[in-house]
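Hi everyone, thanks for coming. Let me put today's structure up on the screen, and then we can walk through it together.

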Amino acid sequence: MTAATDYTLAELCIVAASKAFADEGEVLATGIGVIPRLAASLAMKTCNTDLMMTDSEAWMLSEPNPIGKRPADFVPAIESWMGFSRIFDNVWSGKRHAMLGPTQIDKYGQSNTSALGGTYEKPKTMMLGARGFPGNSISHPNSFFVPEHNSRVFMDGECDFVSSIGYNPARLPKGHKLDDVDIRLVITNLCVMDFGGPDHQIRLVSLHPGVTVEQVQENTGYPVHVAGSVPTTEAPTREQLDIIAALDPHNQRAQQIRDNPPGNPT
Amino acid sequence: MNKQMTAAQVVAQLKDGMTIGIGGWGPRRKPMALVREILRSSLKDLTIVSYGGADVGMLCAAGRVKKVVFAFVSLDFIPLEPYFRQARQSGAIEVMEIDEGMMLLGLRAASWGIPFIPTEVGLGTDVINKNPDIHVIDSPYDDKEWVAMPALQLDVSLIHADRADARGVCQIAGPDFYMDDWFARAATQTFVSCDELVATEFFHDPTQARMVHWERSVTTGVVHIPGGAHPSSCSPLYGFDVPHFKAYVASAKDEAGIQGYFDQYLGASEEEYQNNVGGLDAIRTIELPTY
């Protein structure tokens, strides 16, 4: 395993995000969006070969599909049917880890995919809707990917619409513990975080090369817990970069972070 | 029993104020020809329950909708449905925004004739806080509270299938039948449009019968409309029409808005519509999406 010196920030994020799935065992890994999907696929090819994955349509695969248009003679490694109704049977059993990119993430780890501003009756900006976020968040572990770390995503106060449950004592359902909520990694273009600080405060896990603690704090609308010296996010290995390139032959990962910057700016 | 009917006969069964479930998912296998027939009628004040796409957007834009029960309304490759956004942002419609799985549970409860299904889904989120009609209850068996997801009773469901026979045996041959079996069961009346009308003998082949997801007693009427899912997909027969959806989305920014889109495409009949979008042969050649 040789650490690479030439890699993009997107590739650094894919490798960092793949670690979210490393110790999960035999669960369904769902990555929505190019970087989360490549992260889950990389994990399935490397650190957790027991992972399960779908083709993002209706089939379970024993090998992740490359992203984008595939050759006419490509044969996906289908192992079973996995239509949407069966996905819910899996979700509610808890044997899944999803990585998604909500529009807002507040200090409690609550997230919003629904609407911004205004009221429920008349939102200022309607977005996707709650989709599967309420069910995901209370049923199984979840991670987040944020391509542009700023204080509009990591906003002051509570999400305009709470689509997924987080570590908010005021919203804790009767008979539940905050520890029942299981938010794992938050991977951004600046850093990796989790909710492992005191009382589930968001905590800095690692900084991407060239990024400072101050930069993370300035772009986060609430305090980030920093314990001691923060390590630098591990560089991808050449082997990981080769696998990523094979999983993303059209280089869609280059479109995911603004200006596709290098991962190691020095 | 011969259940064949026309789209106009289906819409003649519908009444203002009804709750209508629409099968499919986003831009996939939507009964769009039946939706278009509603758009050509004077129906109004509808409550729509849908894993929504342009079906919801068009009905909202045309002012036919009182309320939408939804978890998302999206065209997938274009994440935000422009006319649904306009309807939400102008406060023109009531909503019940729920989780995708809650919708499935609500349809199951309606199908099984029970008032609710208990679930954890929704706890701690605004899909509960903002919906006073969804109650949280104590359990007789543990000390936790549970969401009592109410039955989503449907007057009518509209579904598009790949094939059906005249007695209402419906086949969905694409990779996913989504929640269409539950939409079919949850409704008092279920009308199914189909790309191909087949003889009953077609289903004597078990590999074909295996793709039938509800029994024919659930189907009220069958409408033979080749290409009837356009511009949504009907895999494996045809994909969704990307350029058409782009034009539809662009129309939301034009001054003429949805009326401009309807003037250009809707027509007085499905035949006119299909001529306006390039004909059935063109629909049948639309490439399947790659996920």
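**A walk through two chains**

Let's begin with one residue: A:N251 is partly exposed, because 14 other C-beta atoms lie within 10 Å, and it takes 20 or more to call a residue buried. Please keep in mind that this is a predicted model. You can find A:N251 in the segment after α6 (238–247) of chain A. Its phi is near 55°, a positive value in a residue other than glycine.

Look for B:R29 in the loop between β1 (19–22) and α2 (32–39) of chain B. Is B:R29 buried or exposed? With 29 other C-beta atoms within 10 Å, B:R29 is buried.

While we are in chain B, let's look at some peptide bonds. The bond that joins B:H230 and B:P231 is cis, with omega about 5°. B:P231 sits in the loop between β11 (221–224) and α9 (242–251) of chain B. Another cis bond runs from B:S235 to B:P236, where omega is near 5°. B:P236 also lies in the loop between β11 and α9 of chain B.

Now back to chain A, and to its strands. As a reminder, strands of a sheet pair through backbone hydrogen bonds, either parallel or antiparallel. In chain A, three strands make an open sheet in the order β2-β3-β4, and the pairing is antiparallel. Which strands stand at the edges? They are β2 (53–54) and β4 (78–81) of chain A; each has a single partner strand, so one side of each is left without a neighbour in the sheet. Strand β3 (residues 59–61) of chain A is joined to β4(A) by three bridges, and A:L61 stands opposite A:I78 in β4(A).

Further along, β11(A) and β12(A) form a hairpin, with two residues between them. These two strands run antiparallel and are joined by two bridges; there, A:V186 has A:M193 as its bridge partner. On to the next pair: β12(A) and strand β13 (residues 203–207) of chain A share four bridges, again in the antiparallel sense. In that pair, A:C191 stands opposite A:L207.

Last stop: where the chains touch. Here 41 residues of chain A are in contact with 38 residues of chain B. On the chain A side, α3 (84–93), β9 (123–126) and α4 (133–139) each give two or more residues. That side divides into 18 nonpolar, 13 polar and ten charged residues.

Technical notes:
Residues are numbered from 1 along each chain as its sequence is written. Chains are lettered from A and ligands numbered from 1 in the order in which they are written. This is a predicted model: local features need pLDDT of at least 70, side-chain atom pairs count only at pLDDT 80 or more; totals for chains, interfaces and linings use all residues. Two strands pair if DSSP finds at least two bridges between them. Two residues are in contact if their C-beta atoms, placed from the backbone, lie within 7 Å. Ala, Val, Leu, Ile, Met, Phe, Trp, Tyr, Cys and Pro count as nonpolar, Asp, Glu, Lys and Arg as charged, and the others, Gly among them, as polar. A residue is buried if 20 or more other C-beta atoms lie within 10 Å of its own, exposed if 12 or fewer, and partly exposed in between; C-beta atoms are placed from the backbone.
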